[in-house]
Amino acid sequence: MLLQFPREPIATRDLRRDALERFRWRCRLPVLRNYGPEAGDLTIFVTACSDCGARTAKLATLDDIDPDTQLDGLISELRTRAGRARYGWRPRTCPACHAPDPEPISAVYARYMPEIEHDLHIELVFGRHRVVAVELHRVALDGAAVSLPRPSDPLAFQDAFGAPLGLRALWRAFLTRHVYDESMVVRAIEPGYVIGLRPFTDEPAEAEAMLAPFGPFIENLRAGAEGYRGWDAITFLYEREHEDIPVPFAESYHAWLGGYAAEIREGLIEPFVVADSDAFIDRLGEHAALYGLRVQRDSGEGALFVRVHGGHLDLRLNVGPIFFQILHQGLTFERGIVALFLRELRAMGEARKVPALVQGLLPTHQVRVVRGQFLELLDPAGERIAFADLVRLATHYDLDDPTGQAELTAELLARDPALANAPA
Ligand SMILES: [Zn+2]
């Protein structure tokens, strides 16, 4: 780049840096510590008013950015939205005195990268009302920040930041780079998760030769080369067409690897995923802990049952389908858990609280939990008057609201005559 003008005025540089620090420490890090992988995207817009002199930072969420957008597209989207007040991000007037069009200093967009527990901050720097620079920062949960140069593509992004910005965009770049390689190629995504590709050929014998390193590669993984030792999930994307993997078309490779879909379906190229279900259960357990739940594997190889415990709640679930859907939907473990299993986690987290809540609401009754899953209610005379599924109660009533609590107790106290003869 030859032209260096306009630049950021030196007078506003300190203001911008100060605003970024405050945003990090006061707004963003508390959110990340509380919500972790569920933290949404957050922004500030910093302005200085030439009329009243106020320097303000407007805080806003930004929840309509497509998570599959790669970095260049994301930055260009942010530049557009920061350019004009009508997009709702840049303030139309000074928040202090309402004078029109305060001078923009900077705009910061924060996105959490749960795979590495760091935040990405994209900072647009203004000079004379125009964006003159874009800075990228990787921020740890203790607030330590590193500025990194702008990566050239999604693969370079992962190399520099330690996690993909979006795995689907990374998949596209991975295929583009390696589609005409001589032999199979693999790439680690996160602990327990590797993607790979058998490159293009229409000769079956050549395809077989290209996949020759596959066996030794798996043996190497199972020897612990990438952490974990199970690596029990080996799945090719084309298997969506043949196996019973319930991935909706709109979330399948047809949608996010559109340019290659025909070649994949016809077996001219073979993208694949190798993953370790123990790694997935570890991530699930970390996420479930946010809801007061513990997750343990409850099956050997060939099945993926877990037990979810919390208080008296004790459920056994098959999470195998979720695991395979995540791999086939081009999601990392954490993104997949948020996309496909969050409602269940929240429901179980609420169900865990139901027995103590009911006991508090009906202190003279006796509350029991049966088989880790059902609430049994005995009246003061010791007669059983209600028997109900904990998860259903938790999702059916608003337990934080007095009206919801009243409805819950009304259901439980509406004596069910069938119960008198039902087996305990
Ligand atoms: Zn003002």
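Select residues 42–48, strand β1: six of its seven residues are buried, so by the definition used here (20 or more other C-beta atoms within 10 Å of a residue's own, C-beta atoms being placed from the backbone; exposed is 12 or fewer, partly exposed in between) the strand is mostly covered. Strands are DSSP runs of E with at least two residues, helices are runs of H or I with at least four, and both are numbered from the N terminus. The model is predicted: local features need pLDDT of at least 70 and side-chain atom pairs count only at pLDDT 80 or more, while totals for chains, interfaces and linings use all residues. Residues are numbered from 1 along each chain as its sequence is written.

Seven bridges join β1 to β2, and the two run antiparallel; two strands pair if DSSP finds at least two bridges between them. Ile44 has Leu59 of β2 as its bridge partner. Six residues lie between the strands of this hairpin, and Gly53 takes a positive phi near 85° there.

Move to residues 154–161 and 167–178, helices α3 and α4. Their axes come within 8 Å and cross at roughly 115°; axes are lines fitted to C-alpha atoms, for helices over the stretch in contact, with angles from 0 to 180 degrees between N-to-C directions. Pro154, Leu155 and Gln158 of α3 meet Ala169, Leu170, Ala173, Phe174 and Arg177 of α4, where contact requires C-beta atoms, placed from the backbone, within 7 Å.

Nine of its 12 residues are buried, among them Trp171, Arg172 and His178. To see what these buried residues pack against, display α3, β7 (185–190), β8 (193–198), α8 (253–256) and β10 (270–275).

Finish with strands β14, β15 and β16, an open antiparallel sheet in that order. The edge strands, each pairing on one side only, are β14 (366–370) and β16 (384–389). Neighbouring strands of the sheet are turned by 20° against each other on average, direction ignored. Select residues 374–378 for β15, which five bridges join to β16.

Methods. Two residues are in contact if their C-beta atoms, placed from the backbone, lie within 7 Å.
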